[in-house]
Amino acid sequence: MFGIGLAELAVIALVAIVVFGPDKVPDLARQAGQWLKMAKKFANNARDELRTELGPEYADLELRDLDPRTIVRKHIIEAMEDADDEEEREQRRPGARPLDDGELPPYDLEAT
């Protein structure tokens, strides 16, 4: 949860008990839970409103899809797959071969 392990959670709980006292900690934990619940509800409402406004083609939209890192990663992967597809098409062309060093590509005067 948020990169917090069991040891960090125990330290936070210990500090909370020392600072606020053992009788106030349950109330503070309840309030924190309510805040998290409200934040999650707010995020879900924002996502649903965005889906509604954008239309049916974005019905499967998730907020994490709008993360710039995710967008860049997605486009890089697509570009790599396109490059692989292009290499496969080049290999399927009959008679196609790489040019030797200094060799000029074929040129057809009638085609231009």
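Trainee: How many helices and how many strands does the secondary structure of the chain come to?

Mentor: Please keep in mind that this is a predicted model. The chain has three helices and zero strands. Read from the N terminus on, its elements follow the order α-α-α.

Trainee: Which residues form a nonpolar patch on the surface?

Mentor: Nonpolar side chains are joined into such a patch within 5 Å. In this chain the patch consists of V11, L14, V15, V18, V19, F20 and L28, which together have about 660 Å² of accessible area. Helix α1, residues 6–20, supplies the largest share, namely six residues. V11 is situated in helix α1.

Trainee: Which residues form the negative surface patch?

Mentor: For a patch of charge, like charges are joined within 9 Å. The negative patch here is made of E78, E81, D82 and D84. Of these, E81 belongs to helix α3, which spans residues 68–92.

Trainee: Why is E81 described as partly exposed?

Mentor: Partly exposed is the class between buried, under 20%, and exposed, over 50%. E81 falls in this class because its relative accessible area is 47%.

Definitions and conventions. Residues numbered from 1 in each chain as written. Predicted model: local features only at pLDDT ≥ 70, side-chain atom pairs only at ≥ 80, totals over all residues. Heavy atoms only, no water. Patch = residues over 30% accessible without salt bridge, like charges linked within 9 Å, V, L, I, M, F, W, Y side chains within 5 Å. Areas by Shrake-Rupley, 256 points an atom, 1.4 Å probe, with all protein chains shown as cover. Salt bridge = Lys/Arg side-chain N within 4 Å of Asp/Glu carboxyl O. Lys, Arg positive; Asp, Glu negative; His and termini not counted. Charge placed at Lys NZ, Arg CZ, Asp CG, Glu CD. Helix = DSSP H or I, 4+ residues; strand = E, 2+ residues; numbered from the N terminus. Buried < 20%, exposed > 50% of the residue type's maximum accessible area, 1.4 Å probe, protein only.
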